[in-house]
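Reader: I'm new to reading structures, and I'd like to zoom in on just one part of this one. Could you walk me through a single helix and what surrounds it, slowly and in plain words?

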Amino acid sequence: MSKVDIFTTSTCPYCHSAKEFFTKNNIDFTEHNITTDAHARKELMKKGYRSVPVIVIDGEYLVGFNESKVESLLNI
(Lines give C-alpha, C1' and ligand atoms only; values in the text may rest on other atoms or scores of the structure.)
Protein backbone atom coordinates (compact mmCIF):
# COMPACT_ATOMS: atom_id res chain seq x y z
CA MET A 1 0.00 0.00 0.00
CA SER A 2 1.20 3.50 -0.84
CA LYS A 3 2.25 5.96 1.85
CA VAL A 4 0.16 9.11 1.49
CA ASP A 5 0.70 12.38 3.35
CA ILE A 6 -1.20 15.59 2.74
CA PHE A 7 -0.28 19.07 3.92
CA THR A 8 -3.42 21.17 4.39
CA THR A 9 -4.94 24.25 5.96
CA SER A 10 -8.26 24.37 7.75
CA THR A 11 -9.93 26.59 5.13
CA CYS A 12 -8.56 25.16 1.86
CA PRO A 13 -11.38 23.77 -0.33
CA TYR A 14 -8.94 21.74 -2.46
CA CYS A 15 -7.56 20.15 0.69
CA HIS A 16 -11.08 19.13 1.72
CA SER A 17 -11.71 17.68 -1.76
CA ALA A 18 -8.49 15.65 -1.63
CA LYS A 19 -9.28 14.27 1.84
CA GLU A 20 -12.81 13.36 0.70
CA PHE A 21 -11.33 11.57 -2.32
CA PHE A 22 -8.96 9.55 -0.13
CA THR A 23 -11.72 8.67 2.33
CA LYS A 24 -14.18 7.70 -0.43
CA ASN A 25 -11.56 5.42 -2.00
CA ASN A 26 -10.47 3.88 1.34
CA ILE A 27 -6.96 5.27 1.04
CA ASP A 28 -5.14 5.73 4.34
CA PHE A 29 -3.46 9.10 4.61
CA THR A 30 -1.75 11.23 7.20
CA GLU A 31 -2.85 14.86 7.37
CA HIS A 32 -0.45 17.63 8.37
CA ASN A 33 -2.48 20.79 8.97
CA ILE A 34 -0.05 23.69 8.70
CA THR A 35 -2.58 26.01 10.35
CA THR A 36 -2.28 24.17 13.64
CA ASP A 37 1.07 22.37 13.31
CA ALA A 38 4.04 24.76 13.26
CA HIS A 39 6.50 21.90 12.66
CA ALA A 40 4.59 20.78 9.54
CA ARG A 41 4.46 24.39 8.29
CA LYS A 42 8.24 24.76 8.73
CA GLU A 43 8.87 21.40 7.03
CA LEU A 44 6.76 22.40 4.03
CA MET A 45 8.36 25.84 3.71
CA LYS A 46 11.85 24.32 4.04
CA LYS A 47 11.08 22.24 0.95
CA GLY A 48 10.07 25.42 -0.90
CA TYR A 49 6.30 24.97 -0.99
CA ARG A 50 4.09 27.99 -0.29
CA SER A 51 0.63 26.65 -1.13
CA VAL A 52 -1.59 23.72 -0.22
CA PRO A 53 -2.56 21.04 -0.67
CA VAL A 54 0.77 19.35 -1.06
CA ILE A 55 0.20 15.63 -1.47
CA VAL A 56 3.10 13.22 -1.04
CA ILE A 57 2.62 9.73 -2.46
CA ASP A 58 5.53 7.36 -1.89
CA GLY A 59 7.93 10.31 -1.84
CA GLU A 60 6.54 12.06 -4.94
CA TYR A 61 5.27 15.58 -4.26
CA LEU A 62 2.18 17.02 -5.96
CA VAL A 63 1.06 20.61 -5.49
CA GLY A 64 -2.71 20.98 -5.69
CA PHE A 65 -5.28 18.26 -6.08
CA ASN A 66 -5.27 16.64 -9.51
CA GLU A 67 -7.54 13.61 -9.17
CA SER A 68 -6.31 11.81 -12.30
CA LYS A 69 -2.65 12.26 -11.31
CA VAL A 70 -3.39 10.96 -7.80
CA GLU A 71 -5.26 7.97 -9.25
CA SER A 72 -2.32 7.25 -11.55
CA LEU A 73 0.22 7.34 -8.72
CA LEU A 74 -2.00 5.10 -6.57
CA ASN A 75 -2.83 2.73 -9.46
CA ILE A 76 -6.59 3.02 -8.95
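Author: Let's take helix H1, which runs over residues 13-24 in this predicted model. H1 has twelve residues, and from its first C-alpha to its last it reaches 16 Å, close to the 16 Å you'd expect at 1.5 Å a residue.

Now look at which side chains are tucked away. Cys 15, Ala 18, Lys 19, Phe 21 and Phe 22 are the buried ones in H1. They sit on the same side of the helix, because they cover an arc of only 155° around its axis. Turn to the other side of H1 and you'll find exposed residues: Pro 13, Glu 20, Thr 23 and Lys 24.

So what do the buried residues of H1 pack against? Their partners are strand S1 (4-8), S2, strand S3 (54-57) and helix H3 (67-74). And just after H1 ends, Asn 26 takes a positive phi of about 55°.

His 32 counts as buried because its relative accessibility is 19%, and the cut-off for buried is under 20%. Its side chain makes a polar contact with the side chain of Asp 5, at 2.8 Å. If you leave aside the neighbours within four places in sequence, His 32 is in contact with Asp 5, Ile 6, Phe 7, Thr 8 and Ala 40.

Definitions and conventions:
Residues numbered from 1 in each chain as written. Predicted model: local features only at pLDDT ≥ 70, side-chain atom pairs only at ≥ 80, totals over all residues. Heavy atoms only, no water. Buried < 20%, exposed > 50% of the residue type's maximum accessible area, 1.4 Å probe, protein only. Polar contact = N/O pair within 3.5 Å; in protein donor to acceptor, adjacent residues only side chain to side chain. Contact = heavy atoms within 4.5 Å. Helix = DSSP H or I, 4+ residues; strand = E, 2+ residues; numbered from the N terminus. Expected span 1.5 Å × (residues − 1). Arc of directions from axis to C-beta.
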